[in-house]
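Dear colleague,

Please find below the structure I wished to pass on to you, followed by a short account of what was found in it.

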Amino acid sequence: MGVEGLGRAVELLVGQVGHWIAPRWAATATTGNVSRADLMHRLVQQVANLAADAEGEPRRTVPRLDNDLALPDQLRVVAADLLAAAPPAPVLAAAAAEVTATRRAL
């Protein structure tokens, strides 16, 4: 699973949650004892960490914005950063697997 796999996984997840409103984000995810928004933000941070590693840059904390409706856009941005860094295929596959797992848990 390469560039296309990660891009497709991100678009499927964004398509699933892009229309959600605040109460839906606040609901508990199907796995773990966290809100859907917290789970999505964790994914955004994981992908951002992979991008930083691929770029040889220090990891930075992705801000948790006041409005959870921004989470799909944050995911798109960090996924684009990862793709632009052109990491090896196993890194892209790991990122795509995390996106898919999060999609199932939401």
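I begin with one residue. Leaving aside neighbours within four places in sequence, Thr-102 is in contact with Leu-13, Leu-39 and Leu-43. Please bear in mind that this is a predicted model. Thr-102 belongs to helix H5. Its relative accessible area is 3%, and Thr-102 is therefore buried, the cut-off for that term being under 20%.

Thr-102 is also one of the H5 residues that meet helix H1. On the H1 side, the contact is made by Val-3, Gly-5, Leu-6, Ala-9, Val-10, Leu-12, Leu-13 and Gln-16. Their partners in H5 are Leu-92, Ala-95, Ala-96, Val-99, Thr-100, Thr-102 and Arg-103. The residues of this contact comprise ten nonpolar, four polar and one charged.

As to geometry, the axes of H1 and H5 come within 9 Å and cross at roughly 20°. H1 is therefore roughly parallel to H5, and the crossing of the two helices is left-handed.

Finally, I turn to the nonpolar core. The largest one has 29 residues, of which Leu-6, Leu-13, Met-40 and Leu-75 touch the most other members. At least two residues of this core come from each of H1 (3-17), H3 (36-55), H4 (71-84) and H5 (89-105). The greatest contribution is that of H3, with eight residues.

With kind regards

Definitions and conventions. Residues are numbered from 1 along each chain as its sequence is written. This is a predicted model: local features need pLDDT of at least 70, side-chain atom pairs count only at pLDDT 80 or more; totals for chains, interfaces and linings use all residues. Side-chain values use heavy atoms; hydrogens and water are left out. A nonpolar core is a set of buried Ala, Val, Leu, Ile, Met, Phe, Trp, Tyr and Cys residues joined through side-chain atoms within 4.5 Å. Buried means under 20% relative accessible area, exposed over 50%, partly exposed in between (1.4 Å probe, protein chains only). Helices (H or I, at least four residues) and strands (E, at least two) are DSSP runs, numbered from the N terminus. Contact means heavy atoms within 4.5 Å. Axes are lines fitted to C-alpha atoms, for helices over the stretch in contact, and angles run from 0 to 180 degrees between N-to-C directions. Angles under 35 degrees count as roughly parallel, over 145 as roughly antiparallel, 65 to 115 as roughly perpendicular and the rest as oblique. A crossing is left-handed if the near helix is turned anticlockwise from the far one by less than a right angle, and right-handed if clockwise. Ala, Val, Leu, Ile, Met, Phe, Trp, Tyr, Cys and Pro count as nonpolar, Asp, Glu, Lys and Arg as charged, and the others, Gly among them, as polar.
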